[in-house]
Amino acid sequence: MHRFVVRAALLAEDSATLEGAHARQIAVVLRMQPGDEITLVGGGQEARAIIQSVSPERVVATIRGRAASAGEPRVALTLALPLLRGDRSEEVVEAVTQLGVAMIVPYVATRSVVRALGEAKRERWERIARESAETARRGAAPAVGAPRSWAELFDALPRPIVVAWEGERDRMLRDTLPRDALALSLVVGPEGGLADEEIALARANEALIVSLGPRNLRAETAAIAAVAIVMDQLETW
Ligand code: SAH
């Protein structure tokens with residue numbers, strides 16, 4: 001069954017109208033017809049829907065059954081992701097969406113090489129997150145926040161906040177996670193690593209500083225591994 005992540009409000013009505021990329025996908029790529037069935041997904045719910053009319057601009061479907069989606073983790077995990085060179089941030093967005101993050105907050109650190117995220121690129125992250133959520137059979141796509149500076153992160157992120165730091169020697173991520181947490185934020189540093197002053201500011205904001213092990217990981221590997229560890233430790237089903 002083809003899945004389409006839509007605004008949660010669309011699932012509340014008897015009938016839903018899909019436009020833009022979704023309409024084009026259904027009409028032109030999948031060549032679906034009235035009577036065909038699709039799954040609409042949003043806000044942790046999913047609904048069976050029967051197509052009533054199809055055009056490349058607009059698809060109307062009648063909603064039949066709604067149910068909670070099995071694809072949403074209990075913990076709402078936010079990942080603060082530095083802007084990385086090339087397509088590396090996009091690769092992380094794709095992987096961590098599959099693993100179950102609820103929100104991605106882009107940011108720029110002192111040693112970040114890439115220092116600005118244009119609106120077009122931010123929307124590209126959103127599109128990748130939506131498509132990735134559809135393939136992973138999630139019940140919602142992660143939100144992509146506005147870009148922040150390091151200092152702004154600590155007001156923007158849901159607590160508790162955990163920072164993966166290559167200089168940490170004592171505390172491992174897996175031993176730090178509060179078992180019953182319903183929300184958690186994870187911060188990974190940029191290619192050049194996190195500066196001592198950045199770690200000091202994080203500590204001053206009560207962030208927990210953790211290690212991912214004795215090897216020096218690339219930022220994208222660290223982000224994906226850290227999200228996988230959190231989900232492995234905190235997911236229950
Ligand atoms: N300072 C490094 C590069 C940093 S790696 C250098 O030698 O160039 C990029 C980011 O990945 C780090 O800031 C950290 O958030 C994360 N990271 C990489 N390896 C890690 C480890 N072993 N433990 C915790 N975080 C790690």
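Predicted model: local features only at pLDDT ≥ 70, side-chain atom pairs only at ≥ 80, totals over all residues.
**Largest pocket**

- The volume of the largest pocket is about 400 Å³.
- Its lining consists of 25 residues. Those nearest the pocket centre are Glu166, Asn216, Leu217, Arg218 and Ala222.

**Largest nonpolar core**

- The largest nonpolar core contains 33 residues, and within it Leu79 and Leu186 have the most contacts.
- At least two residues of this core are supplied by each of the following elements: strand E6 (76–82), helix H2 (88–99), strand E7 (103–108), H3, E10, strand E11 (183–188) and H6.
- Beyond its neighbours within four places in sequence, Leu79 is in contact with Val92, Val96, Val101, Met103, Ile104, Val105, Leu186, Val188, Ala223 and Val227.

**Helix H5 and its surroundings**

- Helix H5 spans residues 196–204, and its buried residues are Glu198, Ile199 and Ala202. These buried residues line one face of H5, because they fall within an arc of 100 degrees when seen down the helix axis.
- On the face of H5 turned away from the buried side lie the exposed residues Asp196, Glu197 and Ala204.
- The cover over the buried residues of H5 includes helix H4 (150–156), strand E10 (161–164) and strand E12 (208–210).
- Just after H5, the backbone at Glu206 adopts a positive phi of about 65 degrees.

**Backbone features**

- Most residues other than glycine have a negative phi, and most peptide bonds are trans. The residues in this group are set against that background.
- Glu206, which is not a glycine, has a positive phi of about 65 degrees. Glu206 is situated in the loop between H5 and E12. With a relative accessibility of 64%, Glu206 counts as exposed, since the cut-off for exposed is over 50%.
- Arg31 likewise has a positive phi, of about 50 degrees, although Arg31 is not a glycine. The loop that holds Arg31 runs between helix H1 (20–29) and strand E3 (37–42). Arg31 is exposed, its relative accessible area being 61%.
- The peptide bond between Arg159 and Pro160 is cis, with omega about 0 degrees. Pro160 belongs to the loop between H4 and E10.

**Residues of helix H3**

- Ser132 is located in helix H3, which covers residues 119–135. With a relative accessible area of 4%, Ser132 is buried, as the limit for buried is under 20%.
- Not counting residues up to four places away in sequence, Ser132 touches Glu94, Thr97 and Gln98.
- Glu123 is also part of helix H3. The relative accessible area of Glu123 is 43%, and this residue is partly exposed.
- Glu123 and Val144 are 21 residues apart along the chain, and their C-alpha atoms are separated by 8.3 Å.

- Ser15 lies in strand E2, residues 15–19. Ser15 is partly exposed, at a relative accessible area of 37%.
- When residues up to four places away in sequence are not counted, Ser15 touches Val60, Ala61, Thr62 and Ile63.
- A distance of 29 Å separates the C-alpha atoms of Ser15 and Trp125, which are 110 residues apart along the chain.
- Glu13 occupies the loop between strand E1 (3–5) and E2. Its relative accessibility of 49% places Glu13 among the partly exposed residues.
- Apart from neighbours within four places in sequence, Glu13 is in contact with Ile63 and Arg66.
- Between the C-alpha atoms of Glu13 and Glu46 the separation is 13 Å, and the two residues are 33 residues apart along the chain.

Key. Residues numbered from 1 in each chain as written. Heavy atoms only, no water. Buried < 20%, exposed > 50% of the residue type's maximum accessible area, 1.4 Å probe, protein only. Helix = DSSP H or I, 4+ residues; strand = E, 2+ residues; numbered from the N terminus. Arc of directions from axis to C-beta. Contact = heavy atoms within 4.5 Å. 1 Å grid on protein atoms, 1.4 Å probe; cavity = no way out; pocket = protein on both sides within 12 Å on 5 of 7 lines; lining within 4 Å. Points joined across faces, edges and corners; volume = space filled by probe spheres on them. Core = buried A, V, L, I, M, F, W, Y, C linked by side-chain atoms within 4.5 Å.
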